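Student: Please take a close look at a single loop position. Then widen the view from there. Keep it brisk.

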Amino acid sequence: MRFGFQGWSYILVGVAAVIFSGTCFAKKVGGGKGKCDIYEGSWVVDDSYPMYNSTLCPHIRKEFDCQKYGRPDKLYLRYRWQPKGCHLPRNGFSWHQSRFSGKDFLRRFKGKKIMYIGDSTSLNQWQSMVCLVHAAVPDPSRIFQKANGSITTVTFQDYDLSIMVFHSPYLVDIEAHRIGRILKLDSLKNGDIWKKSDILIFNTWLWWHRNGPTQPWDYIQVGHQIRKDMDRMVAFKKALIAWAKWVDSDVDFNKTQVFFRGVTTNHNDGKGWNEPGVTNCSKETQPISGSTYLGALPESSHVVEQVLSGIKRPVQFLNITNLSRLRKDGHPSMYNGVKRNMDCTHWCIAGVPDIWNQLLYSSLITQNRNKMYDL
């Protein structure tokens, strides 16, 4: 399906149906309930973490399996996200300090199809969710994984629950033509597959600045115009606008809930944590203290928020950019099963993506109890 750009205009955040604020009803520190921005806070040590034993989860790729590939420290596994002044809901009936309940998740989403769509950080998040739920299943032999083209599915047979990941790093289509591979900024043919799921979690950004041998396209098409290249931030925005128009026109919100997860940045520059001269994350073992990362938010994050503000349907924004920027210690670095590869972009599992899923879970709980955000 193709979506042109003419006639698309932005509307005020206060009018749009996209859920921007992290404000939800939560249990306040010290008792009582009230509104809280779940994305404002800091990382604190919790001795009950991690939420699962990664050595018992068979679904982790070698790129993210930091403990298996020799990471010597374990403190990074013990941090949980603490919103400022409140706690997150544990399940539909009680409150707890940010603890994911796999049993409640299986009960609540029995018979559902959940799909993560995007780049390899979506793969990160999908594997985290699979491990979180896997840990709650009494009989792991009843869990099955199957890959079919761009889709990998883990099925929890006794609960008729499927958790899928669809590899689509640009969200829009890349098609082979006589002249070469064309990135089509207004085409989302895979949308017909995506919209069959009950919960969709989208992400894109990581691949937009690729060039050279790792760039998987040769030309960019906007409408009927084909060009060799263009400003990547402009292209990124146009693709997001096409995705937003698809959400507004094609997704049945009586059946499907839609989330967009914010961008994550790498930790290859120590200036962000007041250590100029540091060029990777290899020696980082603790988060940045407090809630402030030095430097402005990336431009891509502002583009995401601008485009989301134009959506008329109730898309929820998982605004994990800043909380993830604080976790300079959360990457595989050299402990990733890929020889001679320093990775300060992706995330260890168990680790930071578990918190992304905790926030997703909390948002689902809050929305489904009709206690969601005010705009």
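Tutor: Helices (H or I, at least four residues) and strands (E, at least two) are DSSP runs, numbered from the N terminus. The model is predicted, so local features need pLDDT of at least 70 and side-chain atom pairs 80 or more, while totals for chains, interfaces and linings use all residues. Numbering starts from 1 along each chain as its sequence is written, and side-chain values use heavy atoms, without hydrogens or water.

Start with G111. This glycine sits in the loop between α1 (102-108) and β6 (113-118). G111 is partly exposed, at a relative accessible area of 35% (partly exposed lies between buried, under 20%, and exposed, over 50%, with a 1.4 Å probe and protein chains only). Leaving aside residues up to four places away in sequence, G111 touches Y159, D160, L161 and D198 (contact means heavy atoms within 4.5 Å). D158 is 47 residues from G111 along the chain, yet their C-alpha atoms are separated by 9.6 Å.

Now the sheet. Four strands form an open sheet in the order β10-β11-β13-β14, with mixed pairing (a pair needs at least two DSSP bridges). β10 (173-177) and β14 (225-227) are the edge strands; each has a single partner, so one side of each lacks a neighbour in the sheet.

Look at the pairs inside it. β11 (residues 180-184) runs parallel to β13, with three bridges. There K184 faces Q221 of β13. β13 (residues 219-222) then pairs with β14 in the antiparallel sense, again over three bridges. Across that pair, I220 stands opposite R227, and V222 stands opposite Q225. The β13 and β14 hairpin has two residues between its strands, and G223 takes a positive phi near 65° there.

On a 1 Å grid over the protein atoms alone, a cavity is a set of points where a 1.4 Å probe fits but cannot get out; a pocket is an open set with protein on both sides within 12 Å along at least five of seven lines; lining residues have an atom within 4 Å of a point.

The largest pocket holds about 340 Å³ of space. Its lining has 23 residues, with R61, F64, S120, L123 and H167 closest to the centre. α2 has the largest share, four residues. By class the pocket lining splits into eight nonpolar, 10 polar and five charged residues (Ala, Val, Leu, Ile, Met, Phe, Trp, Tyr, Cys and Pro count as nonpolar, Asp, Glu, Lys and Arg as charged, the others, Gly among them, as polar).

The largest cavity contains about 70 Å³ of space. It is lined by 13 residues, and Y49, L77, Y79, G351 and D354 lie nearest its centre. Helix α7 (residues 352-368) gives the most to this lining, with three residues. The cavity lining divides into 10 nonpolar residues, one polar and two charged.

Methods: Points joined across faces, edges and corners; volume = space filled by probe spheres on them.
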